Amino acid sequence: MDVSLICPCYNSLSSLPRLLSSFKNQDYPGSKEILFLVDPSQDGTEGYLKKEENAEIKAFFNEQRIGIAPCRELGIEKAAGKFIGFVDADDYLEPAFLSSMVGAMEKEGADACDCSFYVKEEKREFVYPFRGAGAVLSRKKALKRLLNDASMRGFLWCKMFRREVLWEGPSISLPKNHLFEDMAFCFASFSKCAKVVCLSKPLYHYSKEASSSATSRKNPNRAQEHLESFAAMRAYADRFGDPTLQKVFRSSKARSALSLRFDLRLSKKDGLSKGEAKRIKKEFSLLYKKKNPDFSQGSCANLVSVSLKEGKRG
């Protein structure tokens, strides 16, 4: 198998036909598969996928709801492709998504590929405006661009990896339904890449309708979850990385602080207390000190202990 796509599903019936149509219309000449990891749904998602299953479309049904990140982990274990990518159930692909991503990785001998994308809102669709030119990046430059979260976003669905990147060595897997699992997952994965290709061409359609956007739902824990994602990345750099990885993480403080301020504002609006906001800002600052933080203390201690995974999958 050449390439596998992994798609977590939960009550996704309304958007699955569009996604599957875009998968079937791929111009990629090699072998491909899309794996749906399905949490129990009430809208007929399971029945629809059972009818669609074939050699390229495979569905796995969970007995209970486990969430997006655990579904992706199961998908990685079941994927047969030499290249592994990700897609969200309410999004869809350009016809050249697979051929462009795989082709770029093969041409450059890269371990990962990241593409630009379209953003679909309720009343309009547009190309993500801050992408910039395409590039072939070293490990260090790719990590810097990822953490800057501008020309390269931290989303997992616009990225593809060689199988061994996801299977070999340590990784980060945040708990189910964690808002910021993508960035932490990508940080750990990029740390194992010698070379990453960035494509300027938009190949993915990201649906950001107000009804489904994470920023549109009340969540006083949003800033805390972002803090936890930063803490997982710092702990990963300290435990499995090298001085370069730690330095790259610390160099992103200004950009990360800007992002956290945005989430603190949303969390306060949704009920986060002034005391909790102050505590989050204090813990955030400690993550960027040169001396390794003590993760046995503070609000992120338990999450860090369960999120860092050592060794080979499976």
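Mentor: Helix H7 is mostly covered, with 10 of its 10 residues buried; buried means under 20% relative accessible area, exposed over 50% and partly exposed in between, for a 1.4 Å probe and protein chains only. These buried residues are Glu 181, Asp 182, Met 183, Ala 184, Phe 185, Cys 186, Phe 187, Ala 188, Ser 189 and Phe 190. The model is predicted: local features need pLDDT of at least 70, side-chain atom pairs count only at pLDDT 80 or more, and totals for chains, interfaces and linings use all residues. Residues are numbered from 1 along each chain as its sequence is written, and side-chain values use heavy atoms, with hydrogens and water left out. Helices (H or I, at least four residues) and strands (E, at least two) are DSSP runs numbered from the N terminus.

Two packed helices are described by the angle between their axes and the distance between the axes. Here axes are lines fitted to C-alpha atoms, for helices over the stretch in contact, and angles run from 0 to 180 degrees between N-to-C directions.

Consider H8 as a partner of H7. The axes of H7 (residues 181–190) and H8 (residues 222–240) come within 9 Å and cross at roughly 15°. H7 is therefore roughly parallel to H8 (angles under 35 degrees count as roughly parallel, over 145 as roughly antiparallel, 65 to 115 as roughly perpendicular and the rest as oblique). On the H7 side the contact is made by Met 183, Ala 184, Phe 187 and Ala 188, and on the H8 side by Ser 229, Met 233, Tyr 236 and Ala 237; contact means heavy atoms within 4.5 Å. By class this contact has seven nonpolar, one polar and no charged residues (Ala, Val, Leu, Ile, Met, Phe, Trp, Tyr, Cys and Pro count as nonpolar, Asp, Glu, Lys and Arg as charged, and the others, Gly among them, as polar). An α-helix has 3.6 residues a turn, so residues three or four places apart point the same way.

H7 also packs with H5. The axes of H5 and H7 come within 10 Å and cross at roughly 170°, and the two helices are therefore roughly antiparallel to each other. Arg 139, Ala 142, Leu 143, Leu 146 and Leu 147 in H5 meet Met 183, Cys 186, Phe 187 and Phe 190 in H7. The residues of this contact divide into eight nonpolar, no polar and one charged.

H5 in turn leads on to H9. The axes of H5 (residues 139–148) and H9 (residues 243–251) come within 9 Å and cross at roughly 25°, which makes H5 roughly parallel to H9. The crossing is right-handed. From H5 the contact draws on Arg 139, Lys 140, Leu 143, Lys 144 and Leu 147, and from H9 on Thr 244, Leu 245, Val 248, Phe 249 and Ser 251. By class it has five nonpolar, two polar and three charged residues. Lys 247 is placed in H9 and is exposed, with a relative accessible area of 57%.

Asp 149 belongs to the loop between H5 and strand S9 (159–162). Its phi is near 55°, a positive value in a residue other than glycine, and at 14% relative accessibility Asp 149 counts as buried. Asn 11, in the loop between strand S1 (3–9) and helix H1 (16–24), likewise has a positive phi, near 50°, but Asn 11 is partly exposed at 30% relative accessible area. Most residues other than glycine have a negative phi.

In the whole chain there are 12 helices and 12 strands. The radius of gyration is 19 Å, close to the 20 Å of the globule rule for 314 residues, so the chain is as compact as a globular protein of that length (the radius is taken over C-alpha atoms, and the rule is 2.2 Å times the number of residues to the power 0.38). Buried residues make up 53% of the 314 residues.

Definitions and conventions. Left-handed = near helix turned anticlockwise from the far one by under 90°.
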